[in-house]
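Here are a few notes to read alongside the structure.

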Amino acid sequence: MAYRFYFFCSLSLLLLTHSLSNSQSNQFCEAGIGYGEVGCGLSSSTKLLIKGGTVVNAHHQEVADVYVEDGIIVAVKPDLKVTDDVKVIDATGKFVMPGGIDPHTHLAMEFMGTETIDDFFSGQAAALAGGTTMHIDFVIPVNGSLIAGLESYEEKAKKSCMDYGFHMAITKFDDSVSRDMEIMVKEKGINSFKFFLAYKGSLMVNDELLLEGLKQCKSLGALAMVHAENGDAVFEGQKRMIQLGITGPEGHALSRPPLLEGEATARAIRLAGFVNTPLYVVHVMSIDAMEEIAKARKSGQRVVGEPVVSGLVLDDSGLWDSDFATASKFVMSPPIRAAGHNKVLQGALSNGVLQLVGTDHCVFNSTQKAFGIDDFRKIPNGVNGIEERMHLVWDTMVESGQISVNDFVRVTSTECARIFNIYPRKGAIITGSDADIIILNPNSSFEINAQSHHSRTDTNVYEGRRGKGKVEVTIAGGRVVWENNELKVVPGSGKYIEMPPFNYLFSGIDKADASYLSSLNAPVKRSKSTT
């Protein structure tokens with residue numbers, strides 16, 4: 001079985017782990033081991049020296065030591081000397097980089113009549129094993145209420161074992177939602193709101209609501225995000241497939257072709273341009289959508305494009321597999337596209353048209369996927385990736401020569417930190433930054449399979465994939481949580497990271513507005529004639 005995990009720590013014992021030393025905490029926490037070595041204890045040392053590695057930031061690299069104390073990077077210099085109480089990790093011949101930040105995940109999300117199988121502990125544990133040290137999850141409102149939605153996710157996140165932030169979805173718009181958006185930004189540390197242009201009848205918003213949301217985002221300095229597919233047309237495409245007798249997983253892709261993603265992307269971009277507010281397009285899966293983003297960026301519009309790792313490395317051939325369990329694991333929205341789209345998206349990432357890589361980690365096991373065995377519309381949408389992202393981006397993009405080592409840091413960590421306004425606390429290895437660090441061995445290899453991964457799901461869309469470049473050590477908050485293929489994490493040790501508004505994309509927006517108003521030459525003063 002790919003994942004069997006049973007956690008027996010009571011709340012009182014969990015609280016004890018915060019007051020006792022980490023060596024003592026192992027006496028109180030027990031973990032059933034079923035997917036690799038996972039323990040409740042963290043490295044007891046609060047002082048670390050990473051010695052002799054090549055320290056890589058988005059715009060610079062140097063051979064240097066990194067000294068960490070109490071979760072913060074204290075010094076980055078060659079040949080640092082330390083006392084005997086400091087844990088030393090030899091990184092000679094390896095890359096020392098900021099931990100990955102995944103901008104797009106769905107943990108413990110209620111969706112399509114079920115809930116994603118990875119919660120805030122199992123999903124984050126998997127992330128840490130793959131070199132990701134922070135993620136930003138999407139809060140789904142409860143009956144349209146942002147406050148109730150946030151309270152629900154705050155409860156879910158109590159078991160977190162690494163740092164995390166929140167985006168907020170908007171599924172309706174009225175005065176109460178507008179007020180709650182302001183509360184989210186000014187009091188709750190949320191600086192981004194997502195609008196679904198798909199999932200008719202549940203999450204989908206119309207253009208009127210989108211416009212109201214864009215205006216409110218602009219006024220608050222919050223980043224508007226869109227899932228860009230034409231939901232009305234997708235609904236029609238689904239009916240068409242069923243009428244044709246196409247009920248299997250291939251019907252999912254056929255019902256929502258690339259042109260519907262391109263149309264919705266273009267529409268969202270134009271409406272954001274009309275309001276003059278920055279826009280972030282999540283999970284760019286097709287050439288059609290990418291071209292709309294490229295056109296907008298070339299014209300000077302502030303649009304961010306986020307590919308996800310499945311769209312970069314897979315094609316849709318798996319959806320036509322004769323085995324339902326195999327085919328259904330590839331069902332996600334927008335769909336994984338036909339061969340060729342992935343290569344073009346890789347090129348767009350390498351040349352800067354697309355800026356950062358997420359995962360849309362939203363996993364369901366084979367039993368949940370079987371809900372749609374007779375009707376693809378009932379297959380829960382989502383694939384894995386939170387553990388695999390860093391390895392696959394390195395192997396696909398760096399090993400092939402498409403991006404540099406510095407660019408790898410940028411697209412997996414730094415740009416996310418900049419966009420969501422937490423740089424340089426996150427996304428950098430510099431003095432004063434959080435000690436979220438990975439050590440990657442470019443000469444080591446990896447292999448992906450459901451038997452060894454750390455997600456709770458029993459399948460993996462990257463099954464059997466091998467590559468070069470392996471994260472050998474993950475340090476989160478200054479503590480070694482992944483080393484020697486052993487994962488040592490504590491539920492409740494993760495921190496919520498507040499993200500302030502008005503990121504760099506908002507710079508100059510007011511001047512553009514003023515220029516627009518001055519260009520109108522209106523209203524025209526006219527004399528009123530009398531007869």
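1. Glu415 and Arg418 form a salt bridge (a side-chain nitrogen of Lys or Arg within 4 Å of a carboxyl oxygen of Asp or Glu), with their closest N and O atoms 3.1 Å apart. Both residues belong to helix α16 (residues 405-419), three residues apart, about one turn of the helix. Helices here are DSSP runs of H or I with at least four residues, strands are runs of E with at least two, and both are numbered from the N terminus. Glu415 is buried, with a relative accessible area of 8%, while Arg418 is partly exposed at 31%. For these words, buried means under 20% relative accessible area, exposed over 50%, and partly exposed in between (1.4 Å probe, protein chains only).

2. A word on the model: it is predicted, so local features need pLDDT of at least 70 and side-chain atom pairs count only at pLDDT 80 or more, while totals for chains, interfaces and linings use all residues. Residues are numbered from 1 along each chain as its sequence is written, and side-chain values use heavy atoms, leaving out hydrogens and water.

3. How many salt bridges does the structure hold? There are 28. One of them pairs Lys47 with Asp85, at 3.2 Å between the closest N and O atoms. Lys47 lies in strand β2 and Asp85 in the loop between β4 (72-77) and β5 (87-90), so this pair ties together parts 38 residues apart in sequence.

4. Another salt bridge joins the side chains of Asp119 and Arg456 (2.9 Å, N to O). Asp119 sits in the loop between β9 (114-115) and α3 (122-129), and Arg456 in the loop between β16 (437-447) and β17 (466-476), so the pair links parts that are 337 residues apart in sequence. Asp119 is buried at 11% relative accessible area; Arg456 is partly exposed at 25%.

5. Please look at Lys194 too, in strand β12 (residues 192-196). Lys194 is buried yet has no salt bridge, and the nearest side chain of opposite charge, Asp360, is 5.7 Å away. Leaving aside neighbours within four places in sequence, Lys194 has contacts (heavy atoms within 4.5 Å) that include His104, His106 and His227.

6. Finally, the whole chain. The protein chain has 17 helices and 19 strands. Its radius of gyration (over C-alpha atoms) is 23 Å, close to the 24 Å that the globule rule (2.2 Å times the number of residues to the power 0.38) gives for 531 residues, so the chain is as compact as a globular protein of that length.

Key:
Lys, Arg positive; Asp, Glu negative; His and termini not counted.
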